[in-house]
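Please work through the exercises below with the sequence and the structure at hand. Each task is followed by a stepwise solution.

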Amino acid sequence: MQNKLTPICAKVIDQSSTGLIITDVDRVVVFVNPAVTKITGYEAEEMLGRAPGNLLQGSLSDADTVAFMHEKLNKQEKFSAEILNYHKLGHPYWVQLDISPLYDEAGNFFGFMAFQMDITARKQAELALARQSKLLRTVIDEMTDVLVLKDANGKFLLGNKAVASFYNTTPDDMVGKDDGDFGVPEHLNDFFRQNVLAIMAKGETEIVYENSRDAVSGEERHFKSTKKPLKDEHGNHQILVIAHDMTPEVEAQKKVAESELRLRYVLEATQEGVWDWDVRTGKVEHNSHWYRMLGYDENEIESNIESFSQLVYESDRAGVFAAITHHLENKTERYYSEHRMRCKDGRLVWVQDRGRVVECDEQGVPARMVGSFVNIHERKEAEADLVRAKQEAEAANRAKSEFLANMSHEIRTPMNGVIGMTSLLLTTELAEEQRDYLETIRSSGEALLTVINDILDFSKAESGQMQLEALTFNVRDVAQSTIDMLSLQAEQKNLALILDIDRVVPNLLIGDPGRWRQVLTNLLGNAIKFTRQGSVTLRISTEPSATSNVQLRCDVIDTGIGIPLNKREKLFLPFSQVDASTTRNFGGTGLGLSISRHLAHLMGGHVGVESTEGQGSCFWFTVSMPEAKAQRESDQQDEVVSAPSARHLRVLLVEDNIVNQKVASAMLRKLGHHIDAVGNGEEAVNQLSLLDYDVVLMDCQMPVMDGFASAKMIRSGGGGVRNANIPIIALTANVMQEDKDACYASGMNAFLAKPIQINALTTMLADYAS
C-alpha cells in the first residue's frame, strides 16, 4: 500500500497531526501514520494485521455508537462518529472518526480509510461546562429568593423553584408564559409588563417594590425586586429579576403600626400615668392615673424622688437609678426601665417607665425630665409562662429520650436471646436446610433490630447525634444478603426481585455497611409493598466523583402504583404519606424515607425519586465512600470466628436477665473461656473480692446495684476487690451516645451492644487473651 503513495503524499501523511488508519476489506489494519501511534500509544507494527475496534474499544465505549459504526461499515458507507477508546497504557480518550470506503480505478472496493482526531480536551471541557451548568442550576433553584429571566413581552425564559412553588407549577412549565397565566390579575400583569419595558428602555438596574398573588392560597405577597436589563447573544432585550419576599417584614410593620395605634387608643382610654421631675429640687409631679395604678390617693404619697425610690422593689432599685443616671449623663437617648413597683396593698406589679430630659440649665446640666408609666404586669407574666413552657418542653424532650432509651433496652433484651441463640446454633452440626432456615432467622432478627433502631435513629437525627462507623465491607455481599432477606416478601406477591451490580463497582469499600443496608432495606421494602405485579430491581453503579472516593449510586426500580408529581415533596418528610388512602391500604408511618434521606446526606450523598403514576417509581440515593485495599474475602464475612484465643480467660459475667446470662455463657464457653455468673453489681464486687478474674462482662441496668455503680466501686478498690484495674466490658441494650459516655465515665474499658454478636465478642476478648 505504501508503495502506491507518492513521496509528497507520504510526507504529508507522516507529518499530519491527524491519525490515518487504512484497513483492507476484512477491516484489518494495513497502514497507520505516526499520528495514530501518538494518539493510541500503539506502534505501527502492533496495529498491523489487527482490527482497530477490537484493539482500541473497551468497557466504557458506547455500545450504540459501536453498533452504528458496524452498520455503516457493513453498508460500506461514509460516516463520522465520536467514540471513547482506550490508550495502550489503559487510560480512556475520545476521538473524532471520519471513515470512508476506498475504491480503485475500476471502482472496486478494497478497504476503508479512517481519519481520527483526539478530542479528549474538548470532551473534558464539555463535561466541565455541564457540571458548571448543573451547579448554576442548583444554586438558582435552591435560592430562597425568586429569580426569573423574562423577554421584552414579559414572558418567562427562566424561573427557579421558589417562583415555581409560588405559582404552584414547575420551572420548565413556566417557560413561554407570563404571570397572568398563573392567576395574577390582569392589572398586575400589565404593570409587570409595562415596568419591564420601561426598565429596558432606560437600560439601568432598578429596585422596584411590587405585589403579586400566590397561586395556591390567593394571598397577596409583597416583593422587593431588583431588575437588571440584559441583551442575549442576538441583541434581544431581556430582564433579570431577583425578588425578595418581604411579606413577613411588611406584615410585621403593619402589626407594629396596628399595635402602636391600639396603644394610643389604650392610652387615651386609660389615661396613662405621667410624671414630671424637677431634677434640681427632686420634686416629682404625677397625674392621677399614676397614683391609681399603684392603688394610692394623690395625697397619700409625697411628690418627690425619695418617695418614688421607696416604691421601687428593692431588688430592682439599683438598676432603675443606673438607667436614670446614664440618661442624665447623656449616655442614652432616653431613659427606659422595666421594673417592679410595690402597690398600696403590698402587691408587686411590673411597669414600663420611660422618659427623657426636656430642659437643661445654662451649663447644659439636665434640669427637668418628663415621662410615662405603664402597667406591663400581664406581659411579664406571659413571658414567664413562655419560660415555663420552654422548660416543660425541654423536660418533655428529656422524658422522650429516656423513654426511647428504656424502650431500646426492653426490646433489645429478648432480641439478644433470639439472635444470640441463633448464632450459637449456627456453630453446631446442621443440615443444609436447617442452616438456611437459621440464617433466615438471624437475618430477619437483625432486620427487625434495624427497624427498632429507626425510632432511635429519628431521635438521633433530630438532635444531630447520629454517627457513622468506618468499616471495610463487601458491597456485593451486603447487597445480596439484603435481597435474600426480602426475597420471601417478594415471592409472596409473585414479584421478581432482581439484583443488578455494574461490574465496575469495587468489591470492597470503607463505610458504614449497616447504615447503607438500612437505606437499601427501606427502599426495597417500600418498593415491594407498593408493587402488585411485575418486578423490583436493585441496580448498583458508580458515578463520576470530584474526590478520590467512590460515588456509589443505588437505584430501586419498581413497576408499582407510582407517585403523583404534586405529592412527591411529602415523601421525605417525617411521619408523612402521599395521602390517607396510602396509609389505609399499605400501612407505615412515613418515617423510613426521612431517616434514609438523613443517612444518605451523612454518607456524603443525596436521595431522590422519579415516578410515573400507575407505571412505577425509581427511588435512588448516592453515597461517597473510599475504596478499601484488597483483602481476603473471609475477612469481610460476618461469620463466627473459629480460631482459638491465645489463652482461655476466666470471665466474670454480671447479668440479671436469665436468658441473657444463658446466651452470653454459651458463647463464652463456645470460645473456650471459663465463666462465673452473678446477678447484680453487689454480687460482682463480692465475687471480685474472693477470686481473681481476667475480665468482667458487666450489664448496666440491674437491681440492687447497677453496672455503673459497681464499676465505680471496683475502680476505687471498694469492697475489698483484689484487682481494681481489671478490664470491664459493658454489655448493654442502651446504644445512645450518652449511654456509651456513661459507661466510660464510670470506669469501664469497652462497650458491646446487645444483641451480642459472637464475632464481636471474640474480637473484644482476643485483646485480653493475647
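The model is predicted, so local features need pLDDT of at least 70, side-chain atom pairs count only at pLDDT 80 or more, and totals for chains, interfaces and linings use all residues. Residues are numbered from 1 along each chain as its sequence is written, and side-chain values use heavy atoms, with hydrogens and water left out.

**Exercise 1.** Determine how the axes of α21 and α22 are oriented, and which residues make the contact.

Step 1. Helix α21 covers residues 681–690 and helix α22 residues 707–716; their axes come within 8 Å and cross at roughly 25°.
Step 2. The two helices are therefore roughly parallel to each other (angles under 35 degrees).
Step 3. The crossing of α21 and α22 is right-handed.
Step 4. Gly681, Ala684, Val685 and Leu688 of α21 meet Ser710, Met713 and Ile714 of α22 (contact: heavy atoms within 4.5 Å).
Step 5. By class, this contact of α21 with α22 holds five nonpolar residues, two polar and no charged ones.

**Exercise 2.** Check the span of α24 against 1.5 Å a residue.

Step 1. Helix α24 has 12 residues (758–769) and should span 16 Å, the expected span being 1.5 Å times one less than the number of residues.
Step 2. The end C-alpha atoms of α24 are 16 Å apart, which agrees.
Step 3. Buried residues of α24 include Ile758, Leu761 and Met764 (buried: under 20% relative accessible area, 1.4 Å probe, protein chains only).

**Exercise 3.** Is Ser541 buried or exposed?

Step 1. Ser541 is placed in strand β19 (residues 535–543).
Step 2. Its relative accessibility is 16%, so Ser541 counts as buried.
Step 3. Leaving aside neighbours within four places in sequence, Ser541 contacts Asp502, Val505, Gln551, Leu552 and Arg553.

How values were computed
Axes are lines fitted to C-alpha atoms, for helices over the stretch in contact, and angles run from 0 to 180 degrees between N-to-C directions. Helices (H or I, at least four residues) and strands (E, at least two) are DSSP runs, numbered from the N terminus. Angles under 35 degrees count as roughly parallel, over 145 as roughly antiparallel, 65 to 115 as roughly perpendicular and the rest as oblique. A crossing is left-handed if the near helix is turned anticlockwise from the far one by less than a right angle, and right-handed if clockwise. Ala, Val, Leu, Ile, Met, Phe, Trp, Tyr, Cys and Pro count as nonpolar, Asp, Glu, Lys and Arg as charged, and the others, Gly among them, as polar. Buried means under 20% relative accessible area, exposed over 50%, partly exposed in between (1.4 Å probe, protein chains only).
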